[in-house]
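Please look over the sequence and the 3D structure shown here. A short report on its parts comes after them.

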Amino acid sequence: MVSDLRYVNYRKRRLFSVSLGLDLSTPKMASLWPLTLICIFAFSLSVAHSKTLKRDVKALNEIKASLGWRVVYSWIGDDPCGDGDLPPWSGVTCSTQGDYRVVTELEVYAVSIVGPFPIAVTNLLDLRRLDLHNNKLTGPIPPQIGRLRRLRTLNLRWNKLQDVLPPEIGELKRLTHLSLSFNNFKGEIPRELANLPELRYLYLQENRFTGRIPPELGTLQNLRHLDVGNNHLVGTIRELIRIEGGFPVLRNLYLNNNYLTGGVPAQLANLTNLEILYLSYNKMSGVIPSALGHIPKLTYLYLDHNQFSGRIPDAFYKHPFLKELYIEGNGFRPGVNPIGAHKVLELSDTDFLV
């Protein structure tokens, strides 16, 4: 009986050691077995009893008190990271740092949150991701947003936010994705956005921005997608790309439905990674330079509903990747033909890459 019991215990230790990648078959490793158990027990005990930082608990409970019932219904208990038998709050992700747990992600979207932007969010200083899209938030983004220095994704699209963008957004140095589209923001696009060295995706479409697009955005070495369509912006493309070597990795440029004037400069061909160029519904004029037809990856080109004239260079019709070319609503010569099936170009939620 004793030998059988020893064998069962040996098998238990053996299976457990395999799961940990340990080999207890050797005398040296077998002698470490009691110490291994102690370390594992201490680790599990520390994880189980790590406390959520009081700063984050206070901030989330303030947010809880101000949000709609749909969120509050699923936010049970006082600890947003979970407490004993209670799970973490829905949409809240925490991680352990030292002896404490901190909130690193807050995703509360499409739950009809009504009211101003919750300022308490700006006290979650370890936040990496903030997603409050598709709600009914109103008022401005508070300048305290600049406190979230570790933020990488800020998604506030499809709300009713308004007023000017605070320049403090330019303090979010680690930001890679910024989506503020489909709101009521006004004023000029702040130049401080050019202070975001990691920014890859910038969505500002469907707002009420005025003035010129800051050419300083061209200094963003990682910017792949820029959408400022459906605003009240003025100026020319020449002004936008005036910085030499600007927009080095830009793939998609949406300038549609604004009040841009002037022509399409041949220097635009320097954006050799460009795949989508969307210029529809502006007040642009002049001829289309043949240099654009040599942008190697150009796939979609939308020129419709401007005041362009002349002809479309043959290079466009011989381009190996150009799938769609919209030209209607201009003053092109007779015989100039479009390219492609001409489906409406729209971005879905899946295009907001994270």
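The report below goes from the whole chain to its cores, strands, disulfide and single residues.

## The chain as a whole

The model is predicted. The chain has 354 residues, and buried residues make up 44% of them. Its secondary structure comes to seven helices and 21 strands.

Among the contacts with a separation of 6 or more, 51% are between residues 24 or more positions apart. The chain exposes about 18,200 Å², and carbon and sulfur atoms supply 54% of that area.

## Nonpolar cores

The largest nonpolar core has 80 residues. Which residues have the most contacts inside this core? They are Trp75 and Leu106. Helix H4 (54–66), strand S3 (100–107) and helix H6 (237–240) each supply at least two residues of the core. The largest share, three residues, comes from H4.

Leaving aside neighbours within four places in sequence, Leu106 is in contact with Leu60, Ile63, Trp75, Gly91, Val92, Val121, Leu124, Leu127, Arg129, Leu130 and Asp131. Another core lies apart from the largest one and has five residues, among them Tyr254, Ile276, Tyr278 and Tyr326.

## Parallel strands

Strands of a sheet pair through backbone hydrogen bonds, either parallel or antiparallel. Here, an open sheet of three strands has the order S17-S19-S21, and the pairing is parallel. Strand S17 (285–286) and strand S21 (331–332) stand at the edges; each has a single partner strand, so one side of each is left without a neighbour in the sheet. S17 pairs with strand S19 (residues 307–310) over two bridges, in the parallel sense. Ser285 stands opposite Gln307 in S19.

Parallel pairing is also found at strand S8 (residues 160–163). Strand S6 (residues 136–139) pairs with S8 in the parallel sense over two bridges, and Lys160 in S8 is the bridge partner of Thr138. S8 also pairs with strand S10 (residues 184–188), in the parallel sense and over two bridges. In this case Asp163 stands opposite Phe185 in S10.

## The disulfide

A disulfide is a covalent bond between the sulfur atoms of two cysteines. How many disulfides does the structure hold? It holds one. The disulfide is formed by Cys81 and Cys94, with their sulfur atoms 2.0 Å apart. Cys81 lies in the loop between helix H5 (69–74) and strand S2 (92–97), and Cys94 lies in strand S2, so the pair ties together parts that are 13 residues apart in sequence.

The torsion about the S-S bond of Cys81 and Cys94 is about -85°, so the disulfide is left-handed. Are the two cysteines buried or partly exposed? Cys81 is buried, because its relative accessible area of 6% is under 20%. Cys94, at 26% relative accessibility, counts as partly exposed.

## Asn282 in its loop

Asn282 lies in the loop between strand S16 (276–278) and S17. Its relative accessibility is 7%, so Asn282 counts as buried. A polar atom of the Asn282 side chain lies 3.0 Å from the backbone nitrogen of Leu260. The side chain of Asn282 also reaches the backbone oxygen of Ser280, at 3.4 Å.

What else is in contact with Asn282, leaving aside its neighbours within four places in sequence? The list holds Leu255, Asn256, Asn257, Asn258, Tyr259, Leu260, His305 and Asn306.

## Two residues with positive phi

Most residues other than glycine have a negative phi, and most peptide bonds are trans. Asn134 is not a glycine, yet its phi is positive, about 60°. Asn134 is placed in the loop between strand S5 (129–131) and S6. With a relative accessible area of 39%, Asn134 is partly exposed.

Glu206 is not a glycine either, and its phi is positive, about 60°. Where does Glu206 lie? Glu206 is in the loop between strand S11 (201–203) and strand S12 (208–212). At 31% relative accessibility, Glu206 counts as partly exposed.

Conventions:
Residues numbered from 1 in each chain as written. Predicted model: local features only at pLDDT ≥ 70, side-chain atom pairs only at ≥ 80, totals over all residues. Heavy atoms only, no water. Pairing = 2+ DSSP bridges. Helix = DSSP H or I, 4+ residues; strand = E, 2+ residues; numbered from the N terminus. Disulfide = S-S within 2.5 Å. Buried < 20%, exposed > 50% of the residue type's maximum accessible area, 1.4 Å probe, protein only. Polar contact = N/O pair within 3.5 Å; in protein donor to acceptor, adjacent residues only side chain to side chain. Contact = heavy atoms within 4.5 Å. Core = buried A, V, L, I, M, F, W, Y, C linked by side-chain atoms within 4.5 Å. Areas by Shrake-Rupley, 256 points an atom, 1.4 Å probe, with all protein chains shown as cover.
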